[in-house]
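Hi everyone, thanks for making the time.

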Amino acid sequence: MSFSADPLHLTTILTDLVATNSVNPRLVEGAPGETEIARLTARHMREAGLEVARYEPEAGRPSVVGRLAGAGSGQALMLNAHYDTVGVEGMEAPFSPSLRDGRLYGRGAYDMKGALAACIEAARLLREAGTRLAGDVLVAAVADEEYASLGTADLLERRVRGELAFDAAIVTEPTSLDLCVAHRGFTWIEITTRGRAAHGSRYREGIDANVRMGRILHRLEAFMGELQSRPGHPLLGPPSMHAPLLEGGSGISTYSPRCTLRVERRTVPPETRESVEAEIAAIIEDLRAEDPSLEVAWSTFFHREPFETTPEAPVAACVSRAARTVLGSAPEVIGDSPWMDSALTQAAGVDSVVIGPAGEGAHADVEWVDLASCARLAEILAEAAADYCG
């Protein structure tokens with residue numbers, strides 16, 4: 001079956017979405033979150049002929065799921081897109097979407113409201129074509145991906161409880177219509193050194209926690225080089241680490257009693273939280289062996305696993321066939337660097353893959369999505385859903 005997206009209809013949906021402030025309140029204090037965009041998205045889903053349910057695991061943080069019902073005898077597919085965004089500092093008109101040269105500009109256009117508009121358009125195409133589906137197609141507009149993925153995690157919990165049913169997921173993060181079968185994970189680690197506060201003149205009494213942290217930073221710098229020398233993943237390259245946050249000291253004439261470092265370790269398959277923590281523990285233990293008086297504590301405070309599937313997996317194969325039909329050639333198979341909700345769905349036993357539109361400016365001052373690629377994405381998603389759910 002051949003599907004043809006309506007560019008005007010899709011652009012209308014996307015313009016409404018981008019014009020709606022949905023900055024994540026976990027990232028920007030006082031931001032509105034997803035309440036208003038949930039209402040708007042639900043309206044567009046209903047207009048596309050979907051049955052709509054709203055899920056709100058935390059007050060003011062709703063996700064919306066539209067359902068195109070199948071006959072009940074086949075596999076169900078979730079099209080997943082987040083509609084929260086990062087902040088808008090530095091942007092001129094973040095919620096005034098503008099069209100120039102086939103691009104739509106505004107906060108969230110690329111990351112990832114263009115994909116959400118394509119998901120809704122794909123469901124409309126399936127319904128209006130009268131496509132006979134054995135399984136359901138779900139369009140999931142999820143909250144909080146930019147911080148802790150509250151929305152997708154909640155849908156997966158509801159799946160376990162039997163409130164929702166889906167066997168596979170297409171996460172529609174932007175990929176320029178390439179087929180993404182792997183992406184990096186990350187681990188956030190906090191390291192604290194202890195010293196002894198004293199007047200700056202009392203060198204016999206004071207112990208400088210900042211200087212002690214310097215030893216750790218020196219060792220981590222060498223470790224970062226070692227990470228980069230590893231063979232790494234065939235699609236993602238080697239793992240990495242950086243040290244973005246450092247805080248210590250209480251005054252210019254006081255020995256620092258405490259210094260805190262936060263590091264981000266970006267992981268590649270098959271690395272795990274346990275393997276990352278073992279490496280940090282070994283570094284700390286080596287430093288303690290060199291100086292038993294070194295007071296240092298560390299802990300992992302957030303972790304997300306990397307993602308990996310194969311192009312031959314059922315849903316990936318469906319998307320590849322669909323892309324070949326729509327684009328005239330097979331999509332490029334890629335790995336990508338950002339973390340995505342596909343890691344959560346795959347880890348939960350949901351066959352997953354990533355494909356999304358082209359554009360630029362995720363988290364940047366100028367953000368845009370290519371409208372033609374959004375239309376092609378809608379057609380690919382419709383073809384893949386008819387294949388997988390049919």
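Okay, a word on naming before anything else: when I say H or E with a number, I'm talking about helices of at least four residues and strands of at least two, taken as DSSP runs and numbered from the N terminus. And please keep in mind that this is a predicted model.

Proline 270 sits in the loop between E11 and H6. What kind of peptide bond runs from proline 269 to proline 270? That one is cis, with omega near 10°.

Is glutamate 271 buried or exposed? Its relative accessible area is 13%, and the cut-off for buried is under 20%, so glutamate 271 is buried. Its side chain has a partner as well: glutamate 271 and arginine 265 are joined, side chain to side chain, by a polar contact of 2.7 Å. If you skip the neighbours within four places in sequence, the residues in contact with glutamate 271 are Arg230, Pro239, Arg265, Arg266, Glu305 and Pro306.

Helix H3 covers residues 109–128, helix H9 covers residues 371–389, and the two pack with their axes 8 Å apart at an angle of about 50°. On the H3 side, the contact is made by Gly114, Ala115, Ala118, Cys119, Glu121, Ala122, Leu125 and Leu126. On the H9 side you've got Cys374, Leu377, Ala378, Leu381, Ala382, Ala385 and Ala386. Sort the residues of this H3 with H9 contact by class and you get 13 nonpolar, one polar and one charged.

H3 has another partner, and that's helix H1, residues 7–18. The axes of H1 and H3 come within 9 Å and cross at roughly 140°. H1 and H3 are therefore oblique to each other as well, and their crossing is right-handed. From H1, the contact uses His9, Leu10, Ile13, Leu14, Leu17 and Val18. From H3, it uses Ala109, Lys113, Gly114, Leu116, Ala117, Ala118, Ile120, Glu121 and Arg124. How do the classes come out for H1 with H3? Here it's 10 nonpolar, two polar and three charged residues.

One more thing about H3. Methionine 112 is in that helix, and the peptide bond joining aspartate 111 and methionine 112 is cis, with omega at about -5°.

Now follow the chain out of H1. Threonine 20 is in the loop between H1 and helix H2, which is 35–47. Threonine 20 counts as buried, at 12% relative accessibility. A polar atom of the threonine 20 side chain lies 2.8 Å from the backbone oxygen of aspartate 16. Leaving out residues up to four places away in sequence, threonine 20 touches Glu36, Ile37, Leu40, Phe95 and Lys113.

Next, a strand residue. Alanine 140 is in strand E6, residues 137–142, and counts as buried at 0% relative accessibility. Beyond four places in sequence, alanine 140 touches Val64, Val65, Met78, Leu79, Asn80, Ala81 and Leu155. And how far is alanine 140 from arginine 196? They're 56 residues apart in sequence and 53 Å apart in space, C-alpha to C-alpha.

Aspartate 101 isn't a glycine, but has a positive phi of about 55°. You'll find aspartate 101 in the loop between strand E4, 98–100, and strand E5, 103–105, and with a relative accessible area of 78% it is exposed. Leucine 177 isn't a glycine either, and has a positive phi of about 65°. That leucine 177 lies in the loop between strand E7, 168–171, and strand E8, 179–183. Leucine 177 is buried, though, with a relative accessible area of 10%.

Key. Residues are numbered from 1 along each chain as its sequence is written. This is a predicted model: local features need pLDDT of at least 70, side-chain atom pairs count only at pLDDT 80 or more; totals for chains, interfaces and linings use all residues. Side-chain values use heavy atoms; hydrogens and water are left out. Axes are lines fitted to C-alpha atoms, for helices over the stretch in contact, and angles run from 0 to 180 degrees between N-to-C directions. Contact means heavy atoms within 4.5 Å. Ala, Val, Leu, Ile, Met, Phe, Trp, Tyr, Cys and Pro count as nonpolar, Asp, Glu, Lys and Arg as charged, and the others, Gly among them, as polar. Angles under 35 degrees count as roughly parallel, over 145 as roughly antiparallel, 65 to 115 as roughly perpendicular and the rest as oblique. A crossing is left-handed if the near helix is turned anticlockwise from the far one by less than a right angle, and right-handed if clockwise. Buried means under 20% relative accessible area, exposed over 50%, partly exposed in between (1.4 Å probe, protein chains only). A polar contact is a pair of N or O atoms within 3.5 Å; within protein, one must be able to donate a hydrogen and the other to accept it, and residues adjacent in sequence count only if both atoms are side-chain atoms.
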